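I opened the notebook to log what I looked up, one stop at a time. The entries follow below.

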Amino acid sequence: MSMEIKGWISKMPEYIPGRTIEEIKKEYGLEEVHKLASNENLFGPHPDVIKKICENLSNIKYYPDGECCEVREKLAGKYNVDMGSIIVGNGTDQIIEMTCDSFMGPGENAVIADPTFLIYEKSVLKRSGTVIRVPLKDFRQDVKKMVHSVNNTTKILFLTNPHNPTGTNINRSELDFVMENAGENLLVVLDEAYCEYMTAEEKIDTTGYLSGNRNLMILRTFSKIYGLAGLRIGYGISQDSIISVLNKVKLPFNVNSVAQRAAVAALENESYVNEIKAKIEEQKKYFYDVLVKNGIGFIKSYTNFILINSGENSDRIVEELLKKGFIVRPGKNLGIPGYIRVTIALPDVNKKFLTAFVKIFNNLYKKG
Ligand SMILES: *Cc1c(COP(=O)(O)O)cnc(C)c1O
């Protein structure tokens, strides 16, 4: 190609996606493959959501509601905020992108944890901004250091609670510290993609922080506990003044009508969230039990995935797991070498996975 490639594109970090089920079936000649690499809710959405989608499919000849009114109305009720405080995106990813489109520019920067969710950096680079990376401490975001890394050209501070790829949390006193000390001229983006998996004691009502002077964008998604990852719909809650800026950069029909219908139905069946949370909680305990019993290290998780210490032979372990039909995410690709990240699945799959994993692990590390 003879056209110039923009500098920011050459600098863009590469996202290494989880491998697909079909790919692995073909490559290893397997009939049954389980994808445990992208943290979806493998129980899937509430049955009523699928029913509502099917009932409304004939409407796809129309453009969707560009303002996602029904979804925002439901969300406004859920959080007791007004509709003007909510924006809906084609996945939370798109809201991260719109936020950077709105507030990031050349010579400006964002503070991020290292490692963290890749989309933050990607969206910053796209606006010719730079990132200031603050290494994790004991697999947790070093919140104080992140706040102290803010300088006078910092526009956004990205926090993820619970964190991806580690599954660790940010606690209330750490969040209070951020809200009080992060400076007034920047936006704090608090990505809570997995917050519904936290227990009642662990969970923090972060919408309470919106009433202060702090510029804050809270991000949540239907991709995770609601089981709608394939439809791409997520949302942001912030001060009206910030949301109206994002609305200016938003594309007219950014969220498709099927996703909007599904999200409304999901919000009409909110108790399902607690059902899933309980199931994952129970399965997570099972993971912990098996790992502890076998002397295998892991990071305590506040989410539906677990970071497992797979040691120096991690590449080998990932490969052996593929042969057995389990796709996991190598920590190496996520900035945490020596670990694998595994999505907690349905009970029978978890059992098969752990049996296979422990066997592979023991063969490599506990010979003789
Ligand atoms: C999965 C995930 C999201 C959600 O992305 P969507 O675009 O809504 O699917 C956001 N942030 C983090 C940290 C995630 O892991």
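Is Thr207 buried or exposed? I found Thr207 buried, with a relative accessible area of 15%. My cut-offs: buried is under 20% relative accessible area, exposed is over 50%, and partly exposed is in between (1.4 Å probe, protein chains only).

**Ground rules**

This is a predicted model, so I noted that local features need pLDDT of at least 70, that side-chain atom pairs count only at pLDDT 80 or more, and that totals for chains, interfaces and linings use all residues. Residues are numbered from 1 along each chain as its sequence is written, and side-chain values use heavy atoms, with hydrogens and water left out.

**Thr207**

I placed Thr207 in the loop between β6 and β7. Helices (H or I, at least four residues) and strands (E, at least two) are DSSP runs, numbered from the N terminus. The Thr207 side chain makes a polar contact with the side chain of Asp205, at 2.6 Å. A polar contact is a pair of N or O atoms within 3.5 Å; within protein, one must be able to donate a hydrogen and the other to accept it, and residues adjacent in sequence count only if both atoms are side-chain atoms. I then set aside residues up to four places away in sequence. Thr207 touches Tyr79, Ile218 and Ile237. Contact means heavy atoms within 4.5 Å.

**Gln239**

Where does Gln239 sit? I found Gln239 in the loop between β8 (234–238) and α9 (240–249). Gln239 is buried, at 17% relative accessible area. The side chain of Gln239 makes a polar contact with the Ser238 side chain, at 3.4 Å. Leaving aside neighbours within four places in sequence, I listed Leu210, Gly212, Arg214, Asn215 and Leu216 as contacts of Gln239.

**Helix α8**

Helix α8 covers residues 172–181. I logged Glu174, Leu175, Phe177, Val178 and Met179 as buried there. What do the buried residues of α8 pack against? They pack against α7 (143–148), β5 (154–160), β6 (187–191) and β7 (216–221). Just after α8, Gly183 takes a positive phi of about 90 degrees.

**Salt bridges**

A salt bridge here is a side-chain nitrogen of Lys or Arg within 4 Å of a carboxyl oxygen of Asp or Glu. How many salt bridges does this rule give? I got a count of 23.

I checked Arg140 and Glu174. Their side chains meet in a salt bridge, 2.8 Å from N to O. The pair links distant parts of the chain: Arg140 is in the loop between β4 (130–135) and α7, Glu174 is in helix α8, and 34 residues separate them. Arg140 is partly exposed at 24% relative accessible area, whereas Glu174 counts as buried at 17%. I also noted a network: salt bridges that share partners join Asp48, Lys51, Lys52, Lys74 and Glu268.

Next came Lys352 and Glu32. Their side chains form a salt bridge at 3.1 Å, N to O. This pair too links distant parts of the chain, with Lys352 in helix α13 (residues 347–365) and Glu32 in the loop between α2 (21–28) and β1 (34–35), 320 residues apart. Lys352 is partly exposed at 39% relative accessibility. Glu32 is partly exposed at 43%.

Lys6 forms a salt bridge with Glu4, the closest N and O atoms being 3.6 Å apart. I read Lys6 as partly exposed at 44% and Glu4 as exposed at 64%.

**Cysteines**

How many disulfides are there? I counted zero. Cys68 is in no disulfide; the nearest cysteine sulfur, that of Cys69, is 7.9 Å away. Cys68 counts as buried, at 2% relative accessibility.

**Glu281**

Glu281 lies in helix α11 (residues 271–293). I have Glu281 as partly exposed, at 24% relative accessibility. Beyond neighbours within four places in sequence, Glu281 is in contact with Tyr197 and Thr199. The C-alpha atoms of Glu281 and Asn304 are separated by 8.1 Å, with the two residues 23 apart along the chain.

**Gly7**

I placed Gly7 in helix α1. Gly7 is partly exposed, at 41% relative accessible area. Gly7 and Lys126 are 119 residues apart in sequence and 9.7 Å apart in space, C-alpha to C-alpha.

Notes: A disulfide is a pair of cysteine sulfur atoms within 2.5 Å.
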